[in-house]
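This report examines how the parts of one protein chain are held against each other. Please look over the sequence and the structure before reading on.

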Amino acid sequence: MPTLYEVKTQIRSLEGTNKLIDSKEIKELPSILEDGETVKRVLKGFYEQRNGILVATNKRLIFIHKGVLFGFGIEDLTYDRLTSIQHKLDYTFGTITILTSDDRIDIQRVDKEQAIAFSKYVREKIARSGHHFFNKRRKELNDSLSIADQIKKLTDLRDAGLLTDEELLVHEQKILDV
């Protein structure tokens, strides 16, 4: 778990985040971040009637809000759960919209310049996460094809008279149980 000093050092290295360095939400980050997790982007915003910060780390997105007197909450999403991120800019602020397969999250009143950089970073993370997902699915598909190939070979052996029906069933079960 990183220290507050380490977290603040990471945030100071990001462009346009110096105003946020002493926010009450930043002070909570060391207790939220996992080992090896680093802050890559951060911006202030408004979500579900709460002011807070949206943090993009190397592993996930985190929205942190802390009440004036007490109360504290976090919501987080790993990149593989996201389908897209968009930003919309108006005259004074921007809005970031995060889409998952079953939800839409609007973070409003964000700094316009930060919205662009934040969205770009997260979009790249989503693309890499999706690439990993599709590679995993391709491997699963290849594995299932190799199972089908093995069963086909066993069937050919049975048809050639080298296996009985009972032996075929035993071998098929062994393949399917793997």
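## Helix 2 and its surroundings

Among the residues of helix 2, Glu25, Ile26, Glu28, Leu29, Pro30 and Ile32 are buried. The model discussed here is a predicted one. The buried residues of helix 2 pack against helix 1 (4-12), strand 1, strand 2, strand 3 and strand 4 (72-78).

Apart from its neighbours within four places in sequence, leucine 29 is in contact with Val7, Ile11, Val39, Val55 and Ile64. For leucine 29 and isoleucine 64, which are 35 residues apart along the chain, the C-alpha atoms are separated by 8.5 Å.

## The nonpolar cores

Which residues of the largest nonpolar core touch the most other members? This core has 20 residues, and the ones in question are Leu61, Leu82, Ile96, Ile98, Ile107, Phe118 and Val122. At least two residues of the core are supplied by each of strand 1 (39-47), strand 2 (50-57), strand 3, strand 5 (82-89), strand 6 (94-100), strand 7 (104-110) and helix 3 (112-159). Helix 3 gives the largest share, 5 residues.

Isoleucine 96 shows what such a position looks like in detail. Leaving out neighbours within four places in sequence, isoleucine 96 is in contact with Leu43, Ile85, Gln86, His87, Ile105, Asp106, Ile107, Val110, Ala115, Phe118 and Ser119. There is also a second, separate core of 15 residues, which includes Leu14, Ile21, Ile53 and Ile64. Ile64 is also one of the contacts of leucine 29.

## Salt bridges

Side chains of opposite charge can pair when their charged atoms come close. In this model, the count comes to 8 salt bridges. The table lists some of them.

| Pair | Distance, N to O |
|---|---|
| Lysine 66 and glutamate 28 | 3.0 Å |
| Aspartate 159 and arginine 158 | 3.1 Å |
| Aspartate 165 and arginine 158 | 3.6 Å |

What does the side chain of lysine 66 meet in a salt bridge? The partner is the side chain of glutamate 28. Lysine 66 is partly exposed, at 27% relative accessibility, whereas glutamate 28 is among the buried residues of helix 2.

Arginine 158 forms a salt bridge with aspartate 159 and another with aspartate 165. Arginine 158 has a relative accessible area of 28% and is partly exposed. Aspartate 159, at 57%, is exposed, while aspartate 165, at 47%, is partly exposed. Elsewhere, a network of salt bridges links Glu37, Arg60 and Asp76.

## Positive phi angles

Most residues other than glycine have a negative phi, and most peptide bonds are trans. Where does glutamate 48, a residue with a positive phi, lie? Glutamate 48 is in the loop between strand 1 and strand 2, and its phi is about 50 degrees. Its relative accessibility is 47%, so glutamate 48 counts as partly exposed.

Arginine 109 also has a positive phi without being a glycine, with a value near 55 degrees. This residue is found in strand 7. With a relative accessible area of 44%, arginine 109 is partly exposed.

How values were computed
Residues numbered from 1 in each chain as written. Predicted model: local features only at pLDDT ≥ 70, side-chain atom pairs only at ≥ 80, totals over all residues. Heavy atoms only, no water. Salt bridge = Lys/Arg side-chain N within 4 Å of Asp/Glu carboxyl O. Buried < 20%, exposed > 50% of the residue type's maximum accessible area, 1.4 Å probe, protein only. Core = buried A, V, L, I, M, F, W, Y, C linked by side-chain atoms within 4.5 Å. Helix = DSSP H or I, 4+ residues; strand = E, 2+ residues; numbered from the N terminus. Contact = heavy atoms within 4.5 Å.
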